[in-house]
Amino acid sequence: MVKVAIAGVGNCASSLVQGIEYYKNAREDQFVPGLMHVNFGGYHIRDIRFVAAFDVDANKVGKDLSEAIFVPPNCTAKFSDVPELGVEVMKGPVLDGLGKYLKPVISTDPTQKPVEISEVLEETGADVLLNYLPVGSYEATRYYAQEAIKAGVGFINNIPEFIVSDRKWAKKFEDANLPCAGDDIKSQVGATILHRTLTKLLIDRGVKLEESYQLNVGGNCDFLNMLEEERLSSKRVSKTDAVSSQIPYEVPLRIGPSDYVPFLKDTKVCYIHMLGKKFGDIPLTIDLKLSVEDSPNSAGVVIDAIRAVKLALDRDIGGPLIGVSAYFFKHPPIQMPDAEAKQAVEEFIVGRRER
Ligand SMILES: NC(=O)c1ccc[n+]([C@@H]2O[C@H](COP(=O)([O-])OP(=O)(O)OC[C@H]3O[C@@H](n4cnc5c(N)ncnc54)[C@H](O)[C@@H]3O)[C@@H](O)[C@H]2O)c1
């Protein structure tokens, strides 16, 4: 069994919790879209159990996790009923979790006192803590990461704050002999992987890339929060590095969240433009649109990442998981081409690679 705690019961947590229920009876030989394996190093999807959840939204705190995931402003697709899980959402410290656009839509109750996160993690026997806080939660992310270390729990950083890819924080996890994976979860097929793959294709085919942009719009709380440009610097770095790491020279790039369109709800629309030169200096242009339901897009990837961190715990491996982070996250400690990163994860699963 893999005991999981969640910080931030938003849309991504909703898709994850629903997904575990939806696929709990998957056969080992079944193809599940978005997962590497139904049986990942000995762990089935149903082996993931939620033991704790933290949020600050007064409408979610005190509710069972199965209910809180469907409370507005969460707005992602419901694809599975979830039975009562016996996990009450507890109040976490707000710190810098709520930016100026989220404060008006997420009400906090000052009479609800935050719990001691590390104590809850210890009491519930959590193996792994998932960070699903809003973009720009600099202090709050570091707080939860430190609480994970204090409680002796592995850490998965799904958001664009640099923990696993930061030397100082990586060392803290190494010193505590606790595994961590991150940073900033890569969706199954999202803007990043599509842009990265097209970039690699053009580079491999000898096209001189001259400029590229990736504009993204959506109508969920993530996009509302990301209207605040000051909270976005690490998001832009993370998304831009994921593409620029594929290009051996400097190219003008503009990549990141671009606007909030409320009626889109959890639909995310991405426009990618690429301009290059091919043989004879003849221009080549790619302009494409991708439309996805945002939150389920990364839930399968997180199910695999959780089981990878649990394997590392079982094997007494601490510190950043290099291959796992490179395959599942946008801003890992070491970027690798996706095919190589996938191979590294397969080798990690069977124990041929340490991390
Ligand atoms: N959708 C994807 O595929 C994807 C990909 C990469 C990264 N992410 C990142 O994952 C994160 C979560 O995304 P989401 O769509 O679920 O966001 P969301 O806004 O729906 O959920 C965030 C939740 O965190 C809670 N919160 C705020 N401050 C908190 C605190 N201090 N302690 C505990 N909870 C707190 C909010 O009340 C809310 O319930 C975002 O940072 C997003 O950018 C998502």
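Two residues are taken to be in contact if their C-beta atoms, placed from the backbone, lie within 7 Å. The structure is a predicted model, in which local features need pLDDT of at least 70 and side-chain atom pairs count only at pLDDT 80 or more, while totals for chains, interfaces and linings use all residues. Residues are numbered from 1 along each chain as its sequence is written. Helices (H or I, at least four residues) and strands (E, at least two) are DSSP runs, numbered from the N terminus. The protein chain is divided into domain 1 (2–186 + 296–349) and domain 2 (191–293), with bounds that come from an automatic or database domain assignment.

**The two domains**

- The C-alpha centres of domain 1 and domain 2 lie 25 Å apart, and the contact between the two takes 25 residues from domain 1 and 24 residues from domain 2.
- On the side of domain 1 that touches domain 2, the residues divide into eleven nonpolar, eight polar and six charged; here Ala, Val, Leu, Ile, Met, Phe, Trp, Tyr, Cys and Pro count as nonpolar, Asp, Glu, Lys and Arg as charged, and the others, Gly among them, as polar.

**The shell around the ligand**

- There are 36 residues around the ligand, and of these Gly-8, Gly-10, Cys-12, Gly-97 and Ser-298 come nearest; a residue is near a molecule if its C-beta atom, placed from the backbone, lies within 6 Å of it.
- The shell lies between domain 1 and domain 2, because both of them give residues to it.
- At least two residues of the shell are supplied by each of helix H1 (11–22), strand E2 (48–55), helix H7 (221–225) and helix H9 (296–314), and the largest share, three residues, comes from H1.
- Sorted by class, the shell has 19 nonpolar, twelve polar and five charged residues.

**Helix H8**

- Helix H8 (residues 233–244) has twelve residues, which at 1.5 Å a residue should span 16 Å, and its end C-alpha atoms are 16 Å apart, so the two values agree; the expected span is 1.5 Å times one less than the number of residues.
- Its buried residues are Lys-235, Ser-238, Lys-239, Ala-242 and Val-243, where a residue is buried if 20 or more other C-beta atoms lie within 10 Å of its own, exposed if 12 or fewer, and partly exposed in between, with C-beta atoms placed from the backbone.
- Seen down the axis of H8, these buried residues fall within an arc of 130°, so they line one face of the helix; the arc is that of the directions from the helix axis to the C-beta atoms.
- The buried residues of H8 pack against helix H6 (191–204) and strand E8 (253–260).

**Helix H11**

- The buried residues of H11 are Ala-341, Ala-344, Val-345, Phe-348 and Ile-349, and they fall within an arc of 140° seen down the axis, so they line one face of the helix.
- An α-helix has 3.6 residues a turn, so residues three or four places apart point the same way.
- These buried residues of H11 pack against H9 and helix H10 (322–328), whereas on the other side of H11 Ala-339 and Glu-340 are exposed.
- Just after H11, Gly-351 takes a positive phi of about 85°.

**Backbone points in the loops**

- Most residues other than glycine have a negative phi, and most peptide bonds are trans.
- The peptide bond from Pro-72 to Pro-73 is cis, with omega near 10°, and Pro-73 is found in the loop between helix H2 (65–68) and E3.
- Another cis peptide bond joins Gly-182 and Asp-183, with omega of about 0°, and Asp-183 has its place in the loop between strand E6 (179–181) and H6.
- Lys-265, in the loop between E8 and strand E9 (267–278), has a positive phi near 50° and counts as partly exposed, with 18 C-beta neighbours inside 10 Å.
- Asp-281, in the loop between E9 and strand E10 (282–293), has a positive phi near 60° and is exposed, with 7 other C-beta atoms within 10 Å.

**Lys-103**

- Lys-103 lies in the loop between strand E3 (89–91) and helix H3 (117–124), and this residue is exposed, with 11 other C-beta atoms within 10 Å.
- The C-alpha atoms of Lys-103 and Asp-57 are separated by 9.9 Å, although the two residues are 46 residues apart along the chain.
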